[in-house]
Amino acid sequence: MKIFVIILAIFLTSCKLNKVVNHHGIHNLEAKSQELLINQTNINQIKSLLGPPSSTSYFDEDILIYLERKTSNSKLLKLGKKKLIANNVLLLEIDKRGMLINKEFLDQDDLNKLKFTNKTTKTITDQESFVSRALSGVITKIDDPLGKKRGTLGR
C-alpha cells in the first residue's frame, strides 16, 4: 500500500494544470502589427517595436518578414505530439527612404489558402554534355587508377 501511495504522490506532483506553450518569433505579432501605420512609421520605429526581422526578402531587400509560431503539447492520447496554436506571418514593405509603404498580416488560415506550383526548373547540370560523357572514363580512372573500388583487378 505504501508503494501505491508513493507512486500516486509522484504522479500528482508532476502534473501541471497550466499548458506549456512553446513560442518562436515575435510575441503578440497581430497586436503589434496594428500599431504600425502606413506612410507614418519608419524602419527605426519598426525595429524598436518588433526587433530585427526574422528574415528579409531574397530578391528585394526592402521587404521584412516577421514570424510568430506557438505550439503546445496535445493530449495524452496523441502521445506528446505538438499541437499548432498560432502560425502568423507579417510582411512589411519599406521604401528607399525607410518608410512603411505596405503591410500584410497572414494568419494560419491565410497561409493554408496559398497555392504553390509543382513545376521545377531544369538546370544545366541536369543535361550531360558531350564533353562530360567523353571524359567520364578519364574521370573514373583518375578517381580509381587501380580499379580496386570496382573490383576489376585480380579477376
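## A first look at D109

D109 is exposed, with a relative accessible area of 51% (exposed means over 50% relative accessible area, buried under 20%, and partly exposed in between, using a 1.4 Å probe and protein chains only). You'll find D109 in helix α4, residues 108-113. Helices here are DSSP runs of H or I with at least four residues, strands are runs of E with at least two, and both are numbered from the N terminus.

## What you're looking at

This is a predicted model, where local features need pLDDT of at least 70, side-chain atom pairs count only at pLDDT 80 or more, and totals for chains, interfaces and linings use all residues. Residues are numbered from 1 along each chain as its sequence is written, and side-chain values use heavy atoms, leaving out hydrogens and water.

The chain holds 5 helices and 5 strands, running in the order α-β-α-α-β-β-β-β-α-α. Of its 155 residues, 17% count as buried.

## The nonpolar core

The largest nonpolar core has 11 residues, among them I26, I46, Y66 and L90. Such a core is a set of buried Ala, Val, Leu, Ile, Met, Phe, Trp, Tyr and Cys residues joined through side-chain atoms within 4.5 Å. Helix α3, strand β3 (63-73) and strand β4 each supply at least two residues of this core, and β4 gives the most, with 3 residues.

Take I46 as a way in: leaving aside neighbours within four places in sequence, I46 is in contact (heavy atoms within 4.5 Å) with L36, T41, G51, Y66, L92, I94 and L100.

## A hairpin and a buried serine

Strands β4 (residues 82-94) and β5 (residues 100-106) pair in the antiparallel sense over 6 bridges; pairing takes at least two bridges found by DSSP. E93 has N102 in β5 as its bridge partner. The two strands form a hairpin with 5 residues between them, and G98 in the turn has a positive phi of about 95°.

Now for S33, which sits in helix α2 (residues 29-34). S33 is buried, with a relative accessible area of 5%. Not counting residues up to four places away in sequence, S33 touches L90, K103 and F105.

## The two ends of α3

At the start of helix α3 (residues 43-50), a side-chain oxygen of N42 comes to within 3.2 Å of the backbone nitrogen of N44. After α3 comes G51, with a positive phi near 85°.

Technical notes
A polar contact is a pair of N or O atoms within 3.5 Å; within protein, one must be able to donate a hydrogen and the other to accept it, and residues adjacent in sequence count only if both atoms are side-chain atoms.
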